[in-house]
Amino acid sequence: MENPKIFVHGDSSSKDKVIGEIEDSRKKTWDSILSEDELNLLKEGEIEKDEMMMEVINISNEITNEFIKDLGLEPINVAHESIHLVNNDTYEKITGSSTSAHNNMGHRSIFIRNLNGKNRPPEIIIPEILHEIIHYKHFESQQAFDIDKGEGKIRYSGPFRSGLKVFLNIKKSEVDVGDYEDYFEGLDEAIVSEIEKRVLPRLIEKSELVPKKSFSNEIRSAISNHVNVPVEEISFVTEVGFSPFSYYNQRKVLYYVIDRIEKKYMDLSKDEILLKFFKAHFSGNILEIVRLVEKTFGSGSFRVLGGMSITKESSENVLEKLMTM
Ligand SMILES: [Zn+2]
């Protein structure tokens, strides 16, 4: 298994030590991190991947690496052992999340909620695996500092950036990883979903086992007319219904930003501008997109974009603000 590079912020005197600690903790398998109860839960709740799921993971790994190489960046591999298909109970207890798929940054693992639940046909897992692998391969940096709670210093290390998402203001009085404010989560998801939308057809085309009919243009166009959703926003169609591509509200804000940048910079096409956002997601180098946004919308506008979370309301508020800038 390969890991993204680790950049440590803060506490510069012991950077090497912190990097060593983070690398060590990443080498640990789930077996050594989980408590006995949690381990039993994983053993009970893990669903064996069938041939199709193994193929989906392998192709998703391949095509995301091709995408990264086309951006001129170093590819990262994800092993199928790092991806766990688990039942609902195990999913909720291990991830503590109500979502359907989860990329656990600290332990370099992806969890996908099971296939057996209501409205969870096998097709739904395919774009989810791809989406989480795009998260998995993002740029990551860590922050580290010492906390003194009166009983000597305790080293805290945790995420600082993942993709475009930034973790700020971790409460230094508590060693609690969840205690932070995050920014740019909406933009991060917009970019991941946009990449997912672009590479999913390649996955379907390469696969020999995925039911191609569910993803065909014919069936997607037919349902599009019925449900009044643009055909390009429909991911797949099954007997239980259709699934749209994720984070449409956040992507609408991204599309608006790209539109405005294109109008300002006549020599750049929409695709060329989008590629710069994709590149920032994998490389961590955001200077170019900050400059484009701020020169188009004015000073402080990149921070406005950072305020977009994953709710619909927040994306609408941010869009409204940007339209006045
Ligand atoms: Zn996501």
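Me: Where do I start? How many helices and strands are there in the protein chain?

Reply: Start with the overall make-up. This is a predicted model, so treat every value as computed from it. The protein chain has 13 helices and 10 strands. It has 325 residues, and 35% of them are buried. Then look at the contacts with a separation of 6 or more. Residues 24 or more positions apart account for 63% of those.

Me: How do I read a core? Which residues have the most contacts inside the largest one?

Reply: The general idea comes first. In soluble globular proteins, nonpolar side chains tend to be buried together. Now the case here. The largest nonpolar core has 54 residues. Those with the most contacts inside it are I112, I129, L130, L187 and I191. This core draws at least three residues from each of domain 1 (5-136) and domain 2 (248-323). There is also a second, separate core of five residues, including I234, F236, V237 and F242.

Me: Take L130. Which residues is L130 in contact with, leaving aside neighbours within four places in sequence?

Reply: With that exclusion, the contacts of L130 are S60, E196, V199, L200 and L203.

Me: How do I read the sides of a helix? Which residues of α11 are buried?

Reply: List the buried residues, then see where they point. Helix α11 spans residues 287-297, and its buried residues are I289, L292, V293, T296 and F297. They are on the same side of α11, because they cover an arc of only 100° around the axis. L287 and R291 are exposed, on the other side of α11.

Me: What covers the buried residues of α11?

Reply: The cover includes α9 (248-264), α10 (270-283), α12 (301-306) and α13 (312-323).

Me: How do I describe the way two helices pack? At what angle do the axes of α9 and α11 cross?

Reply: Look at the distance between axes, then the angle. The axes of α9 and α11 come within 9 Å and cross at roughly 75°. Angles from 65 to 115 degrees count as roughly perpendicular. So α9 and α11 are roughly perpendicular to each other. On the α9 side, the contact is made by V257, R260, I261 and K264. On the α11 side, L292, V293, K295, T296 and F297 take part.

Me: What about phi? Which residue follows α11, and what is its phi?

Reply: Most residues other than glycine have a negative phi. G298 follows α11, with a positive phi near 105°. N228 has a positive phi of about 60° although it is not a glycine. Y247 is not a glycine either, and its phi is positive, about 55°.

Me: Where are N228 and Y247?

Reply: N228 is in the loop between α8 (217-227) and β9 (234-238). Y247 is in the loop between β10 (241-244) and α9.

Me: Is N228 buried or exposed? Is Y247 buried or exposed?

Reply: Count C-beta neighbours. N228 has 6 inside 10 Å, so N228 counts as exposed. Y247 has 25 other C-beta atoms within 10 Å, so Y247 is buried.

Me: One more residue. Where is P244, and which residues is P244 in contact with?

Reply: P244 is in strand β10. With 13 other C-beta atoms within 10 Å, P244 is partly exposed. Leaving aside neighbours within four places in sequence, P244 is in contact with V229, E233, I234 and S235. P230 and P244 are 14 residues apart along the chain, and their C-alpha atoms are separated by 9.4 Å.

Methods:
Residues are numbered from 1 along each chain as its sequence is written. This is a predicted model: local features need pLDDT of at least 70, side-chain atom pairs count only at pLDDT 80 or more; totals for chains, interfaces and linings use all residues. A residue is buried if 20 or more other C-beta atoms lie within 10 Å of its own, exposed if 12 or fewer, and partly exposed in between; C-beta atoms are placed from the backbone. Helices (H or I, at least four residues) and strands (E, at least two) are DSSP runs, numbered from the N terminus. The arc is that of the directions from the helix axis to the C-beta atoms. Two residues are in contact if their C-beta atoms, placed from the backbone, lie within 7 Å. A nonpolar core is a set of buried Ala, Val, Leu, Ile, Met, Phe, Trp, Tyr and Cys residues joined through C-beta atoms within 7 Å. Domain bounds come from an automatic or database domain assignment. Axes are lines fitted to C-alpha atoms, for helices over the stretch in contact, and angles run from 0 to 180 degrees between N-to-C directions. Angles under 35 degrees count as roughly parallel, over 145 as roughly antiparallel, 65 to 115 as roughly perpendicular and the rest as oblique.
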